[in-house]
Amino acid sequence: MSSDIRFTDFKSDKQPTWCPGCGDFGTMNGMMKALAETGNDPDNTFVVAGIGCSGKIGTYMHSYALHGVHGRALPVGTGVKMARPDIEVMVAGGDGDGYSIGAGHFVHAVRRNVDMTYVVMDNRIYGLTKGQASPTSREDFETSTSPDGPKQPPVNPHALALASGATFIAQSFSSDALRHQEIIQEAIEHDGFGFVNVYSPCVTFNDVDTYDYFRDSLVDLKEADHDPTDREAAKDVILDNEKEHQGVIYKDESSVPYHEQHGVDEDMSVLPDGAPEGATDLVREFY
Amino acid sequence: MAADFNWAVGGEAGDGIDSTGKIFAQALSRAGRHVFTSKDFASRIRGGYTAYKVRTSVDKVQSVVDRLDVLIALTPRTIEENLDELHEGSVIIYDGERTTMQDVEIPEEMIGLDVPLKSLAEEAGGAIMRNVVALGAACEVAEFPIENLDSALEKRFKDKGQKLVDNNKEAARAGQSYVADEYDHEFDYSLETTDEDYVLLNGDEAIGMGAIAAGCRFYAGYPITPATDVMTYLTGRIERYGGHVVQAEDELSAINMALGAARGGARAMTATSGPGIDLMTETFGLIATSETPLVICNVMRSGPSTGMPTKQEQGDLNQMLYGGHGEVPRFVLAPTTISECFWKTVEAFNLAEKYQLPVYLTADLSMAVTEQTFSPETFDMDEVEIDRGKVVDETAIDDHMSESGGFQPHEITDDGVSPRAFPGTADGAHMSTGLEHDEQGRRTEDTEMRVEQVDKRNRKVETAREREDWSPREFGDEDADTLVITWGSNEGALAEAVEFLDEDGLDVRVLSVPYIFPRPDLAEDVAAAETTVVVECNEQGQFADLVEHDVLERVDRVNKYNGVRFKADELAAEIKSTLEAGVEA
C-alpha cells in the first residue's frame, strides 16, 4: 500500500468502552502511531489480543486481528509470524494475560525470539473483573480478593525476560505519548522479540499506581546515561526495586530472530492444487 | 489364504528391540511379503518388558493373532509374557551364555535354540550386533533367504559406513550358520519371497505424510505417546516442502500457534493424545467460532488421566464430539486403516478449509505404532487434490463488503460458508474473535445477529452433510441377518474375524465407519438387521450410544439461544405452536 498511511487508518469504527481516562487509550494511540510511522498499513498488520480490558484493543484497532483465549496471545502471534514472515505482528495484552495465566508462554516466546512486538498494558490490577490483585500488584495492595494485600512479591517481568534470554526489553508510560510511541517504534524495528511493558493506569480500581505516581517517580533511562546494549547495566536497572524507569532497558544488537535461525522465510499461505512437488519421495522412503 | 508366520523379538527397553524388529519387518517387506507389526511396550526408557512382533504372509495381513511361531527372547520374562501365544513346536532363540538366561526353562513342547548371540557378534566385530546374529538364526529357522536381511541392514546402516553394514551381514550369517550346523532339525517354515514391491509404514507416519501431501506447512505440538511419531516424522521432512515444525511449551501453546498459522493462511495442524486434547479444548471454541480451519489429530491411548499411556483404547470419542463449553460445530474423522490415515488426513485438511472449522482426525495407539505393508500406488500423490474453499483475493473481495465498507469474513450465506481473506489481502483487514460477532467480526450481543451467526455456523454442517460423501466401508455378507458396526482401527481385525466366523458358518455384514461427525445414517441398516453388534475398544460403548441415538424416536424441540432466557408467556406460545405443527404434520 501507499506510504501515506496515517495512524487513524488503524482505528476501527468501534468506540472503546474503556473507562474515561483509562491508560489504554494512550497505549493504543502510541501503538497505532508507531505502526504507521514504521511503514505498516492495516492490511499487512496482524494484531493479537488476549482477554481483559487490554484484550479489547483488537476491536478498537483496524487490522487483521485475533482476539483470543485468555493468556494465549503470544502463541497465536508466534503462529501468525511463522506462517507469514511478510506480515507485521503485534501482540497486546494485560499483566494478568501475560504474567499470570500466560506466564509460561511469555518465557518461551522470549526464548524463541520471534520477530514480533509484545505490548503489555500493565495497570497492576484486574480491571474487567472489577478490581482483584494482579501478578504485578504491590505486596500490600488491598483488593476484594486480597483485603490485606497479596503478601507476595510482584512479578518482575523485565527480570523474567532478561533471565529468559530477551533481546529487547523496554518500559514505557501511556501518558508520555511521545516517549511511548518512540519506544514501541524501536520495539517494532528490533530484529527479534520486542518486549515493552507499558504502565497503563487503571483510573477506577487502582488508586496507588496512578498517573501522578508514575509522573512523579519515573526516571527516563534516555536522560540517565543508560547504555541499553550493556546487559549488566540492564540487570541493575531491572533489579532496582526503589525506582520506576522508562525507556529501552536492554537491547541485543546482534539478535538473530527465529525465522533466520530456522530458515522460516516463506509465505505459507500459498499452495499448489495438489500434493507438493516431490511428494512421491516420501513414499519411496518407506520401501 | 496362505499360511502366516508369526515372529517376535522381546527383551528389556534399551535392548534395541524396536530396531531389531523393524529390520526384520523391512527384510520381509523387501522380499515382497506382507507384514503387520505390533509392539508391547511400557512407559519407561530402560528395563521392563518390550517386544516387537511381526506377522507375515504372502497374502494381505491386517491384524495381529494370538500365535507365535518364532521368538527371540533376550530375557526370561519375554518367554513368560508370551506363553499364551507360543504353541507346540514354537522355536525360542536365546543366548544361554547371557547371565540372566543361563537357567531359563524352555517349555518341553517347544524347541529351544541356544545360540551364543553375544560371542558370535563379538567375533563379527562387536557385541552390539547380537540381535542381528539372532535375526540370522531366525532366517535359518524360517527358511528365509538371508539376502533380504542384507537389504534391510543396508538401509538401516548405510549412513554409518560400509564397514558397519558388512559387519552386520557377517553377524547375521554367523547366526544362520550356527543354527544350520548345531541343530539338525527340520523346521516347519519356509518363507517364500515374491516380486511385489511394498512400502512399510505406521499410522503416525501415514498421518504425517498425508499432512505434507495435503499442503500442511505448519505443525506445532508437544511430545506425548502415542502421537509423538507424527511430530518426529514431520521434523526434517516438512521443511523440504516449505513447512516448519515447532515444539511448543505445552499443548495450550501448540494449538494456539497452529491457530495463528491458520489465521495467517497456512494449512496448519497439531497432534496429541487425550491429556493434550483436554488442554486444547480450551481453544476449541475459539477455533470454531472464529471459523478457522484447523486439523487436530488425536492419537488415542488408554485413559482417563494418565491411564495406561502405552496401551490401546478408543475412549475419547465423546470428548471429541462434545468437548468444550457452548455449542461448537466440528467434524470428527476416524480413519479405519493405516492407508486411510493418509487419505483421511488429506480429506481433513480439505474439509477444514471448505467449511472453515476444526476437524478432529483421530487414530489410536494400536494404529499409530503398527506398521503394515502396502503397494506404493496406495499413496499415489497425483490423486491428492487440494480444495481451499472460499478464499477471496483483492479482486473478489469487493463482493463481500458491508455497507460501511468493511470486509465480512462471517457473511451470512445460504450454505453457511463465508469468504476468507488472508492477511496481506488489500481491504481485507478484519477481526477474528471468540466473542459473538457480526458479519465483519465485530463483537455483538444483538439477539438477532447472535441467532443468525449460530445458524450460519450450523448450516455449514448441514451443507457438508449434503455435499460430501460420508459413507462407511462395507464388507462381509451384505444379506446377513447380523450387522456388525465398528469405527477406527478395528477394521483389520474385524475383516479377518469375518473369515473365522465364515469357517464356523456364521455370516455377518460389516460396516466400518470412518466418519463420526457428520456420520452416515445407519438407521435403515440397523432396522434391516435382526441383530446389530457395535465393536469398539472402550468400556462404555460410545459409538454404540450414537447408533442407538440415531435410531431412537425423534422428539419435538423448543430451543432458544439468542442470549435471553425463556419467558413464561413466550414459552407457552412456543409449546403451543410446536404441538400444532405436530398435529398438522
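## Helix packing in chain B

A crossing of two helices is called right-handed if the near helix is turned clockwise from the far one by less than a right angle, and left-handed if anticlockwise. In this predicted model, the crossing of H3(B) and H6(B) is right-handed. Helix H3 of chain B covers residues 117-124 and helix H6 of chain B covers residues 162-182; their axes come within 9 Å and cross at roughly 140°. H3(B) is therefore oblique to H6(B).

On the H3(B) side, the contact is made by B:Leu120, B:Ala121, B:Glu123 and B:Ala124. H6(B) contributes B:Asn167, B:Glu170, B:Ala171, B:Ala174, B:Gly175 and B:Tyr178. By class, the residues of this contact are six nonpolar, two polar and two charged.

## Interface between chains A and B

Contacts between the chains involve 49 residues of chain A and 59 residues of chain B. On the chain A side, the elements giving two or more residues are helices H2 (57-60), H3 (73-83), H5 (103-112) and H11 (280-284), together with strand E2 (64-67). H3(A) supplies the largest share, eight residues. The chain A side has 24 nonpolar, 17 polar and eight charged residues.

Strand pairing also links the chains: E2(A) and strand E15 (residues 431-433) of chain B run parallel and are joined by three bridges. Within this pairing, A:His67 stands opposite B:Thr433 of E15(B).

## Annotated domain in chain A

An unreviewed UniProt entry lists residues 51-198 of chain A as "domain: Thiamine pyrophosphate enzyme TPP-binding". Over that range the chain is 34% helix and 19% strand, and the end C-alpha atoms are 17 Å apart.

Conventions: Residues are numbered from 1 along each chain as its sequence is written. Chains are lettered from A and ligands numbered from 1 in the order in which they are written. This is a predicted model: local features need pLDDT of at least 70, side-chain atom pairs count only at pLDDT 80 or more; totals for chains, interfaces and linings use all residues. UniProt positions are given in the numbering used here, feature names are shortened, and annotations may be inferred rather than shown by experiment. Helices (H or I, at least four residues) and strands (E, at least two) are DSSP runs, numbered from the N terminus. Axes are lines fitted to C-alpha atoms, for helices over the stretch in contact, and angles run from 0 to 180 degrees between N-to-C directions. Angles under 35 degrees count as roughly parallel, over 145 as roughly antiparallel, 65 to 115 as roughly perpendicular and the rest as oblique. Two residues are in contact if their C-beta atoms, placed from the backbone, lie within 7 Å. Ala, Val, Leu, Ile, Met, Phe, Trp, Tyr, Cys and Pro count as nonpolar, Asp, Glu, Lys and Arg as charged, and the others, Gly among them, as polar. Two strands pair if DSSP finds at least two bridges between them.
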